[in-house]
Amino acid sequence: MKTLFIYVLGLTLFTSCVSQKKYTAMQDRAVNCENELNTSKNQINLLEAGLANEKNRSKSLEQQMEYFKSTNTDLLARLSDLSVVSKSGAESIKKSLEALNEQNKYIKDLTSNMQRKDSINLVLVMNLKRSLDNFEDEDINIEVKKGVVYVSISDKMLFRSGSYNISNRAEEVIGKIAKIINDHKDLDILVEGHTDNVPISTDCMTDNWDLSVKRATSIVRLMQTKFGVQPLRMTAGGRSEYLPKTTNATTEGRAINRRTEIIILPKLDQFFELLEPPTTTVEGQGKG
């Protein structure tokens, strides 16, 4: 009996011992699982936190991208505006430079033509003075005024007092002048009659206007019919008493004022072409 009791007691103790070990092991496994679970939770939390950070970074980058896109669009628009302004400004500058070049060319051409005209005038004056050197200086005066050549001839050499009939001596003078005029066919001739202020009234003339014009036409007619000057090159005009060279209060003064002037000048169409400004225009400007 005693032996059976000891056997039962030992069996009971053995069984109790095995259960305790299993329990302890299970407890350990439970603790390990709980630790692993906690570790997994921590990893998940870390991953979630990292994902949240990445999302925030991504959102921030998207916001930055939107900002840069907006900024770039604005810059491109402004650059486009600046490009338009620059092109417009460059075109305006180009047109202005072209206009300045045309003006410069016009000035050079005008200066060249003026110098050429001055040279022609000098040749005319020299030829006329050489051709008329046997006549008294007080009867014939040759000079350049206002850019053209004036040959002023006193009426006592050309006409009798109050008459428009040309004297024989006058034909010699007009012939020499006509020869030089025919040598320069690119020039025109204006013949002006001038009187003093002494009134005149005859069957053929009403006043000094008539006398000054008839004296001019007499000279023009002689140059055409006897010396072959082309009529289309000549103009006859009368200035009456209204453009005196000196006072009409003295006999000497009135003698000076009674004169016929032969004015040698460029052809009018060439003269106006010479003065014609360049036609190139820039924005906001019209033809000159």
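**Notebook: surface patch, hairpin, pocket and salt bridges**

I began with the surface, where Ile-93, Leu-97 and Leu-100 form a nonpolar patch with about 300 Å² of accessible area together. I note at the outset that the model is predicted. I then located Leu-100 and found it in helix H1, which covers residues 2-131. Leu-100 has 54% relative accessibility and therefore counts as exposed, the threshold for that class being over 50%.

Next I looked up the hairpin. Strand S1 (residues 140-145) and strand S2 (residues 148-154) run antiparallel and are joined by six bridges. Lys-145 stands opposite Val-148 in S2. Two residues lie between the strands of this hairpin, and I recorded a positive phi near 55° for Lys-146.

I checked the exposure of both partners: Glu-143 is partly exposed at a relative accessible area of 28%, and Lys-145 is partly exposed at 30%.

I turned to the largest pocket, which holds about 530 Å³ of space. Its lining counts 28 residues, and those closest to the centre are Asp-155, Lys-156, Ala-255, Ile-256 and Arg-258. Which elements each supply at least two residues of this lining? I found S1, S2, helix H2 (155-158), helix H4 (208-225) and helix H5 (251-257).

I returned to the salt bridges, of which the structure holds 10. Asp-196 forms one with Arg-258, the closest N and O atoms being 2.6 Å apart. This pair links distant parts of the chain, 62 residues apart: Asp-196 lies in the loop between strand S3 (187-194) and H4, and Arg-258 in the loop between H5 and strand S5 (259-266).

My last entry concerns Lys-226 and Glu-171, whose salt bridge has its closest N and O atoms 2.5 Å apart. Lys-226 is exposed, with a relative accessible area of 51%, whereas Glu-171 is partly exposed at 22%.

Terms used
Residues numbered from 1 in each chain as written. Predicted model: local features only at pLDDT ≥ 70, side-chain atom pairs only at ≥ 80, totals over all residues. Heavy atoms only, no water. Patch = residues over 30% accessible without salt bridge, like charges linked within 9 Å, V, L, I, M, F, W, Y side chains within 5 Å. Areas by Shrake-Rupley, 256 points an atom, 1.4 Å probe, with all protein chains shown as cover. Salt bridge = Lys/Arg side-chain N within 4 Å of Asp/Glu carboxyl O. Helix = DSSP H or I, 4+ residues; strand = E, 2+ residues; numbered from the N terminus. Buried < 20%, exposed > 50% of the residue type's maximum accessible area, 1.4 Å probe, protein only. Pairing = 2+ DSSP bridges. 1 Å grid on protein atoms, 1.4 Å probe; cavity = no way out; pocket = protein on both sides within 12 Å on 5 of 7 lines; lining within 4 Å. Points joined across faces, edges and corners; volume = space filled by probe spheres on them.
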